Amino acid sequence: MCTLEKRGDIFYLTLTGGGEEHRLNPTVIASLRSALREAREQSTRGSALITVADGKFFSNGFDLAWAQAAGPGTAAARDRLDHMVSLFKPVVADLVSLPMPTIAALTGHAAAAGMVLALSHDYVLMRSDRGVLYMSELDIGLTFPDYFTAIMRSKVGSPAARRDVMLKAAKLRATEAVAMGIIDSAYDSAQAVLEAAVRLGGELVKRKWNGEIYAEIRKALYPELCGMLGLTNKVVVASSRL
Amino acid sequence: MCTLEKRGEIFFLTLTGDDDHRLNPSLMDSLRSALREVKEQSTRGSALITTARGKFFSNGFDLAWAQSAGSAAAVEDRLLHLVDLFKPEVADLISLPMPTIAAVTGHAAAAGMMLAMSHDYVLMRSDRGVLYMSELDIGMKFPDYFTALVRSKVGSAAARRDVMLRAKKVTASEALAMGIVDSAHDSAEAVVEAAVRLGEELVKRKWDGEVYGEIRKALYPELCGVLGLADKAVITSPRHVPTL
């Protein structure tokens with residue numbers, strides 16, 4: 001499903017389950033929630049999270065095959081899809097309220113809910129030699145859950161880029177995604193992405209930020225998204241460090 | 001007035017005549033009819049291209065028609081009437097169940113610029129013509145849905161300020177840099193050809209029109225609020241899931 005390791009001050013969340021495509025089915029989603037809960041509980045001042053996945057895919061989104069197994073095109077299939085949509089929402093909320101910087105290191109394709117998972121992180125780094133970002137919903141014939149659209153609006157600044165992602169179902173390579181302001185940086189191999197993520201994580205943990213304040217500031221950056229996720233923010237004044 | 005044709009999968013809406021295609025009640029009625037027809041005839045994998053003949057795409061509301069009402073109160077009424085008539089046009093375009101492309105072959109000012117920007121893709125000729133929100137120069141404020149449209153489509157605060165608060169006359173290459181248009185082409189023929197090429201690319205995707213329209217509305221929640229458009233969840237019959 002997923003594993004959580006700590007090396008030094010950095011937590012490594014690795015997607016292992018959901019098949020080769022790391023499909024977000026209820027089991028994988030539950031596993032992610034567990035891991036994020038653990039990271040939150042073990043967090044200290046100056047922590048960071050790096051999320052990775054092995055193989056050709058970061059995540060190809062919800063497990064549509066599992067939904068269709070209830071009977072293709074039936075209400076039961078639709079219920080399963082709605083179920084995953086509502087199970088995944090708290091994963092996004094957990095990431096948006098996690099008391100430490102978060103980095104998604106994409107070494108493979110991130111599509112639909114998989115792309116939303118990536119964009120729920122503070123920093124998104126991606127390999128440029130292969131792999132795409134792709135909101136497949138329009139091609140499949142699905143509209144977006146409200147919190148998906150809110151994530152796009154919060155993280156993708158340009159109206160044209162949002163239109164290309166959601167209304168053109170564009171398949172974006174890393175360098176295009178950087179130019180469109182969707183991700184932070186592109187690297188020419190899987191190895192290079194992972195190293196860059198570790199370097200960035202190292203830089204961020206050195207700042208020794210108070211995790212609670214970090215999370216509150218993050219939430220304040222994304223008020224619309226937080227509204228949709230049911231996250232409120234509060235004023236935090238920690239003991240003075242000055 | 002305007003004509004509607006279908007060539008293959010693409011609907012062509014053309015503002016005809018060599019005049020400046022002022023949006024008056026009769027042209028707007030014509031446009032609404034045309035858009036209604038497009039909507040009724042739409043199928044999976046349709047697209048709309050809007051273009052115009054002559055030097056102007058559209059120079060905005062027919063202020064001369066408004067002014068000919070006589071008294072200040074009557075002029076004001078006519079102006080408000082034009083604002084009210086145009087709002088459902090914008091709503092029709094924002095909810096149209098297919099991709100929309102504006103091939104801006106001439107000047108687009110005020111409501112004319114809004115007409116262009118109500119499309120998903122705006123392509124413009126670069127050899128002549130400007131985009132221009134003239135309101136500040138004329139001494140008019142913006143209807144709420146104009147501002148909402150500019151806010152929805154123009155990401156840069158400086159660009160929005162230049163367009164609305166500086167009444168800047170924007171050429172195609174400036175508009176491209178400001179993120180207002182998608183591409184610039186060096187003649188009227190070139191912009192129409194580019195629009196057709198883009199249209200053909202988009203129709204090949206064979207998107208479900210209802211889903212397309214709902215996703216578009218979800219992209220512009222503030223604008224939809226102002227236009228009175230609600231969006232709904234749509235899940236169509238399953239299609240072959242594209243593989244990566």
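Visitor: Which residues in H3(B) meet which in H6(B)?

Guide: This is a predicted model. In it, B:Val83, B:Phe86, B:Lys87 and B:Val90 are the H3(B) residues in that contact. From H6(B) come B:Asp144, B:Tyr145 and B:Phe146.

Visitor: At roughly what angle do the axes of H3(B) and H6(B) cross?

Guide: Roughly 35°. The two axes come within 10 Å. H6(B) covers residues 144-153.

Visitor: And H1(B) against H3(B), how do those axes cross?

Guide: They cross at roughly 20° and come within 10 Å. H1(B) is residues 25-41. Angles under 35 degrees count as roughly parallel, so H1(B) is roughly parallel to H3(B).

Visitor: Left-handed or right-handed, the way H1(B) passes H3(B)?

Guide: Left-handed.

Visitor: Which side chains or backbones are in touch? I mean, which residues in H1(B) meet H3(B)?

Guide: On H1(B), B:Pro25, B:Met28, B:Asp29, B:Leu31, B:Arg32 and B:Leu35. They meet B:His81, B:Leu82, B:Leu85, B:Phe86, B:Pro88, B:Glu89, B:Asp92 and B:Leu93 in H3(B). By class, the residues of this contact divide into 9 nonpolar, 1 polar and 4 charged. B:Phe86 is in this contact and is also among the H3(B) residues that meet H6(B).

Visitor: New topic: the second largest pocket. What lines it?

Guide: It has 19 lining residues. B:Phe61, B:Leu63, B:Leu79, B:Met140 and B:Lys141 lie nearest its centre. The space in this pocket is about 320 Å³.

Visitor: Which helix gives the most to that lining?

Guide: H3(B) again, with 4 residues. H3(B) spans 72-94. Helix H5 of chain B, 135-138, also supplies at least two.

Visitor: How does the pocket lining split by class?

Guide: 12 nonpolar, 3 polar and 4 charged.

Visitor: Over to chain A. At what angle do H6(A) and H7(A) pack?

Guide: About 150°, with axes 10 Å apart. H6(A) is residues 146-155 and H7(A) is 159-167. An angle over 145 counts as roughly antiparallel, and the pair is therefore roughly antiparallel. The crossing is right-handed.

Visitor: Which residues in H6(A) and H7(A) meet?

Guide: A:Thr149, A:Met152 and A:Arg153 in H6(A). Across from them, in H7(A), are A:Arg162, A:Val165 and A:Met166. That contact divides into 3 nonpolar, 1 polar and 2 charged residues.

Definitions and conventions: Residues are numbered from 1 along each chain as its sequence is written. Chains are lettered from A and ligands numbered from 1 in the order in which they are written. This is a predicted model: local features need pLDDT of at least 70, side-chain atom pairs count only at pLDDT 80 or more; totals for chains, interfaces and linings use all residues. Side-chain values use heavy atoms; hydrogens and water are left out. On a 1 Å grid over the protein atoms alone, a cavity is a set of points where a 1.4 Å probe fits but cannot get out, and a pocket is an open set with protein on both sides within 12 Å along at least five of seven lines; lining residues have an atom within 4 Å of a point. Grid points are joined across faces, edges and corners, and a volume is the space filled by probe spheres set on the points. Ala, Val, Leu, Ile, Met, Phe, Trp, Tyr, Cys and Pro count as nonpolar, Asp, Glu, Lys and Arg as charged, and the others, Gly among them, as polar. Axes are lines fitted to C-alpha atoms, for helices over the stretch in contact, and angles run from 0 to 180 degrees between N-to-C directions. Angles under 35 degrees count as roughly parallel, over 145 as roughly antiparallel, 65 to 115 as roughly perpendicular and the rest as oblique. A crossing is left-handed if the near helix is turned anticlockwise from the far one by less than a right angle, and right-handed if clockwise. Contact means heavy atoms within 4.5 Å.
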